[in-house]
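Reader: Could you walk me through this model, cut-offs included?

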Amino acid sequence: MFSFTFLLLLVPHVLLSSRHVAVISPQDPVLRIGSSLTATCTLSPELSLHSSTLYWTLNGLRLSSSTYSVLSPDTLTVTLHNLDGSQQQSGDNLVCHGADGHVLAGSCLYVGMPPEKPVNLSCWSRNTKDLSCRWTPGGRGETHIRTTYTLKYKLRWYGTERECEDDVTGKQRYSCHIPRNLALFTPYEIWVEAANQLGTATSDITTLDILDVVTTDPPANVQVNRVGHLEDQLTVRWASPPELKDVLFQAKYQIRYRLEDSTEWKVVDDVGNQTSCRLAGLQPGTVYFVQVRCNPVGIYGSRKAGIWSDWSHPAAASTPGSERLQSGSCDPKPGEQNSTLRRELKQFFGWVRKHASGCSGMSIKLYDQWRVWLQKTHRTRNQVGKQKQNLSLTLSPSLYASLPLSLSPSLSVSLCLRFHYLC
């Protein structure tokens, strides 16, 4: 008996001994939310049953007898008012039962709304080789009945209308991916059509050129390293996405970093197209997580900016420990004369050229080690304050420039040897 009942639930039109047990009408109706429905259960005349002994259930719950009406010995109706949206896309189960609970017939009610116009259609191309699009269903988005979404596209002036054939079921049903056979230098018209048994709706048409919506994979091989013993700086280096070598466009980069125990990211926007950057003004003795992303610009002369890639996998490094605390910033790029680090560097090299005759081969490495030396001597300034030569080396760069021009030859040679030793 169990298997027989199960079969009737799955296929309400089954035959029992070549006869219909009962028929529900209308069969599998599609209704708008808020509608009313009167359904009839008509018994086979060959059955020895009376309609007054029957009862109805909706999704397994018995309906009140006040909603029933006996039209004839073999016909029982039920009236439902102000229907809610279907609880499942396969429809709500309206079932007619005999007095002993056996299933006599069943019908599925599809109660929902027609789709509204899809909105927020956006597309992007990874490396100019494909096209992905996503959108948002219009209104509240829930129609309560099965609704299909189809992405359609064509070349703007002479193309044939085509459909995206990607499987857009589940959570991805509001997106579609076109993997190949796309034209460059010619705009596309793209739109989305939504349809169900209650109606259809079409989004606004989006016109785009593939070259205007390009994004790349995230930068690879991101590395974060200390800058010698400098306590407030880290150097970030990364590799350009391989796709940048395949097409004629440049890239700009963006960095973000955060403390190990923080969820707040600080963003460095002015990295430009260089593939390295020095973060300055960091907290000493602290672990930082760093990510980089890429934006292709100037693709084949396109005037529109590309689309930012995803962030790279985070890389981490710690700054050396110290008592110093500063605010974060990115190391200067060429031409930024107002940078603190560049100003210090300029003062330092200028002082060496004027006062330490015979020194040559000055480099950023020397500058970094000079700053480390300053940090170390800063903590022992009181101990070395009685020694004139050491005192001159512990002064800030701005005070170096104010030293007398007529340094003794022995002091110049001593400074030169000291700096070369540090190199």
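Reader: Before we start, what pLDDT do local features need here?
Author: Residue numbers run from 1 along each chain as its sequence is written, and side-chain values use heavy atoms, with hydrogens and water left out. This is a predicted model where totals for chains, interfaces and linings use all residues and side-chain atom pairs count only at pLDDT 80 or more, while local features need pLDDT of at least 70.

Reader: How many strands does the chain have?
Author: Helices (H or I, at least four residues) and strands (E, at least two) are DSSP runs, numbered from the N terminus. Counted that way, the chain has seven helices, and its strands number 26.

Reader: What share of the residues is buried?
Author: Buried means under 20% relative accessible area, exposed over 50%, and partly exposed in between, with a 1.4 Å probe and protein chains only. Of the 423 residues in the chain, the buried share is 44%.

Reader: Is Q254 buried or exposed?
Author: Q254 sits in strand β21, residues 250–259. Its relative accessible area is 8%, so Q254 is buried.

Reader: Which side chains make polar contacts with the side chain of Q254?
Author: A polar contact is a pair of N or O atoms within 3.5 Å; within protein, one must be able to donate a hydrogen and the other to accept it, and residues adjacent in sequence count only if both atoms are side-chain atoms. Contact in the wider sense means heavy atoms within 4.5 Å, and beyond four places in sequence Q254 touches several residues, including V267, W308 and W311. As for polar contacts between side chains, one of 2.5 Å joins Q254 to D269, and one of 2.7 Å joins Q254 to R293.

Reader: How far apart in space are T67 and T79?
Author: T67 lies in the loop between β5 (61–62) and β6 (68–72), and at 24% relative accessibility T67 counts as partly exposed. Leaving aside neighbours within four places in sequence, T67 is in contact with T77, V78 and T79. T67 and T79 are twelve residues apart in sequence, and their C-alpha to C-alpha distance is 5.5 Å.

Reader: In β9, which residue is the bridge partner of L94?
Author: Strands β8 (residues 92–97) and β9 (residues 103–112) pair in the antiparallel sense over six bridges. Within β9, the partner of L94 is S107.

Reader: What is the phi of N221?
Author: Most residues other than glycine have a negative phi, and most peptide bonds are trans. N221 is in strand β19 (residues 220–226), and at 55% relative accessibility N221 counts as exposed. Although N221 is not a glycine, its phi is positive, at about 55°.

Reader: Which peptide bond is cis?
Author: Look at P26, found in the loop between β1 (22–25) and β2. With omega near 0°, the cis bond runs from S25 to P26.

Reader: How much space lies in the largest cavity?
Author: On a 1 Å grid over the protein atoms alone, a cavity is a set of points where a 1.4 Å probe fits but cannot get out, and lining residues have an atom within 4 Å of a point. Grid points are joined across faces, edges and corners, and a volume is the space filled by probe spheres set on the points. The structure holds one cavity of 30 Å³ or more, and residues lining the largest cavity include Q89, E142 and Y174. The space in the largest cavity is about 30 Å³.

Methods. On a 1 Å grid over the protein atoms alone, a cavity is a set of points where a 1.4 Å probe fits but cannot get out, and a pocket is an open set with protein on both sides within 12 Å along at least five of seven lines; lining residues have an atom within 4 Å of a point. Two strands pair if DSSP finds at least two bridges between them.
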